[in-house]
Each structure stands twice: as structure tokens, then as C-alpha cells.
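Okay, everyone, thanks for coming.

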Amino acid sequence: MNRFTLPRDIYWGEGAIEELRKLDGKRAVLVLGGGSMRRFGFVDKVLAYLKEAGIETEFIENIEPDPSVQTVLKGAAKMREFEPDWIIAMGGGSPIDAAKAMWVFYEYPDTDFESLIQPFSFPTLRKKARFLAIPSTSGTGTEVTAFSVITDTEKGTKYPLADFNITPDIALVDPALAETMPPKLTAHTGMDALTHAIEAYVSVLHGPFTDPLATQAIMMVDQYLQASFGGDKSAREQMHYAQCLAGMAFSNALLGITHSLAHKTGPAYSTGHIPHGCANAIYLPFVIQFNAKDETTAARYALIARHIGLKGDSDAALVEALCAKIDQYNSALNIPHTLQEFGIVEAEFLQKLDHVAELAVGDACTLANPRKITPPEMAKLLKAAYYGTRVDF
Ligand code: FE
């Protein structure tokens, strides 16, 4: 049996955040990132709307990128003091992901991350609060997904939390917020969205409920990402919807080893963090080559290629064309094509290769990948992505 879960309500379009005026509740915590939402005046707007709704609001602010276990526990403690009946998270993936995890610890103070990393094992939420998400970046889709990624800074690893309990109740997908994204973030988050849609489309859990969302998202990314990167306002708006559709698809179909690699290599090297969407963009064509060795999966990539108007007289040719297209996107968006080009030092890369490969195989996203992979194969795949060589195994 399969399950398909989405927020109860998704409000989208210019002015969607005005829905807050009608929110039914008493106390809300507003969880925010580094300050851009305040700078652009969205925090004032939200406060005014919540006041109109008769809701008292407290803040949890300055959630860092890649939010940590400590940030989550601190936020949850604050929630237990204030006792909100709404958790409202506004911003990029980080504040929304952090707020989801805080929600679990707010309702279940005695739980711990070790038990939560078991996928789809959460206790029942909504005994104390409901959850509303307002995304400001166009990539993670976290406003509609059952996922949250929390970083354990001491162990240098990420916990991808997964459970339909943390799928938000309401998402307000307002393009005005996405207009504030700088070009680099637009590029990275846009390629993250494309990766979500492509991985969901070939995942072992894909099906008739998720396929239409994934293909629509892929076609919209193809049509709008480059213009959105260039600052076109209406393309920005369409990308904000496309990433949300991709989120709906992968929340229910899950992902694959592009994400396993991005999760485990992101924080692994001393030269600095590889941004999530950038890592996905680098790995995606190599992963497609690897997965396409499986014929059924190759046929599905070929369908994706046809959806965006690519030509080829065989599945293999269409898979080639799809990989070439992703290379073109990366070039147009100033994203490197290999880990070497990104600036990872070769000696460090090789020294950590086997360990990182093993971690990536163990990532939760590997389970939904359409082709099985061993740690030695993962290491070969990583090497291909480092040097930019063909994947022929
Ligand atoms: Fe992602």
C-alpha cells in the first residue's frame, strides 16, 4: 500500500501571505533565518496580519544555514515556554527545516535524534500546534514535504528526518518572497528542485500520483530557470511554483543517490561546504548515467527527455541528450561540472573517498534509488564526478 500526503491547504500567488489574516489561533512562534525577511519588510507584514487575526506572536530568529541539533533543542525549549498553537516558519529551507524538528521536540521533549532518524517512525504531532510554512527560496519544497535536514555539528553529519507528521498543515507560496533571492541562490535552489523532480520520477516509489507533479516541475524548470536566474520576475514566480510541485512529488516518491552524495559530501571537505543544490547539480548527470544502465530506468529518463523536447532515436540517445541538457543548465547558471572544478583538493578527496562513499550508500535516500549500488561503485561514481569522466559501470 502506498501513501500520498500533502498539506491540507496550499495558497499560491501574489499576496498569498495575506491568508494569515484569517488564521485561527491564539499564539504563534515565527521561526526565521538570518534577517532577509525582516530587511525586505515581510516580517512586519506577517506581524500585522497575525495581529489582525488576534494572534500573539513570539520570534525564534537567526536560524543558521544547515541548522544544528543545538538550534533545534533551544527553539523547542522556547516553544515549551510560550506554548504556541501555531508554528510559522518563513524563509529558506533552513528555518523551515529547523522549525519542523523543533515542533517534534516541542510536543515530545523526551524524544532524541537517534530515534527520529528511523524514517516514518515519529510520534503523532498536532497535539499542541499546527504548522504553517512560507518559503522564500525556490528549491527545497520543504513547505510541502515530510522532510527536514538537521546537522550534527559535533559528529559532522546530517540527519535527514522523514515523516508525514512533519508535512506542514498550510503552505503559503507567495512569489513576492522569492524575488529577494540573489542569482547564485536562484541557480543552486533551482537545480535542487530539478534534482527533486528527476529523482522522484525514477524512484522505486514513483507512481501515478507523483509522476504528473514531477514531469510538470521538470518542464517548468526547463522553461523558466535560466530566465529566473537572469532576474525575470514572472520566471521567478513560475520557478517558485515548480519547486513546490517538485516538493510534492519527492515528499511522496522520495529521492535517490544524487541526494545521498550531496548529503554526505556537502560538509565533508576542509575547503568549505558544497551548497546542497550545487552538489546535486554536479552529481545529477553522473547519477543518471549510472542509473540508466538499468533498462527500465533508462526508459523513464528517456520519457523525461521527451517531455522537454529533446530528440533521440533510442532510449540511450535520449539519456545522453538529457545529461547534455543538464550540463548546459549548469554552464548557463555558472555551476561547476565536477568536484575538481568546484575546488575540492585532490589529495583530500582521494583520502576521504572510501569513507564518504560508504556514508553515501548508507544515506536514507539510497533506499529509493532505482539501481542498487555498493560502496566500491559509489566510490567509482564519486571519482567520475570529481574528474568528469564517463560512468560506464
Ligand atoms: Fe534537495
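Predicted model: local features only at pLDDT ≥ 70, side-chain atom pairs only at ≥ 80, totals over all residues.

Which residues coordinate the iron ion? There are Asp192, through OD, and then His196, His259 and His276, each through NE2, at 2.2 Å. If you follow the chain, these donors are spaced as D-x3-H-x62-H-x16-H. Asp192 and His196 both belong to helix H7, which covers residues 183-202, and because they are 4 residues apart there, about one helical turn separates them. Are these two buried or exposed? Asp192 is buried, at 3% relative accessibility, and His196 is buried too, at 2%. As for the geometry, the angles among the 4 donor atoms run from 83 to 168°, and the site is irregular.

Next, the second largest pocket. Its space comes to about 450 Å³. The lining is made of 20 residues, and the ones nearest the centre are Thr157, Lys158, Lys264, Leu359 and Asp363. Strand S7 (157-162), helix H10 (257-265) and helix H15 (346-362) are the elements that give two or more residues to that lining. H15 gives the most, with 5 residues.

Now the cavities. How many are there of 30 Å³ or more? The structure holds 2.

The largest cavity has a volume of about 40 Å³. Among the lining residues are Ile198, Glu199 and Val202, along with Leu284, Val287 and Ile288. By class, that lining has 7 nonpolar, 4 polar and 1 charged residues.

The second largest cavity also holds about 40 Å³. Have a look at its lining: Lys158, Ala262, His263, Gly266, His273, Ile274 and His276.

Last stop, Ser138. You'll find Ser138 in the loop between strand S5 (130-135) and strand S6 (147-152). With a relative accessible area of 2%, Ser138 is buried. And what does its side chain contact? The side chain of His240, in a polar contact of 2.8 Å.

That's my tour, so over to you.

Methods
Residues numbered from 1 in each chain as written. Heavy atoms only, no water. Donors = N, O, S within 2.8 Å, 3.2 Å for Na, K, Ca; no water. Tetrahedral: all angles 85-135°; square planar, octahedral: opposite > 155°, others 65-115°. Buried < 20%, exposed > 50% of the residue type's maximum accessible area, 1.4 Å probe, protein only. 1 Å grid on protein atoms, 1.4 Å probe; cavity = no way out; pocket = protein on both sides within 12 Å on 5 of 7 lines; lining within 4 Å. Points joined across faces, edges and corners; volume = space filled by probe spheres on them. Polar contact = N/O pair within 3.5 Å; in protein donor to acceptor, adjacent residues only side chain to side chain. Nonpolar A, V, L, I, M, F, W, Y, C, P; charged D, E, K, R; others polar.
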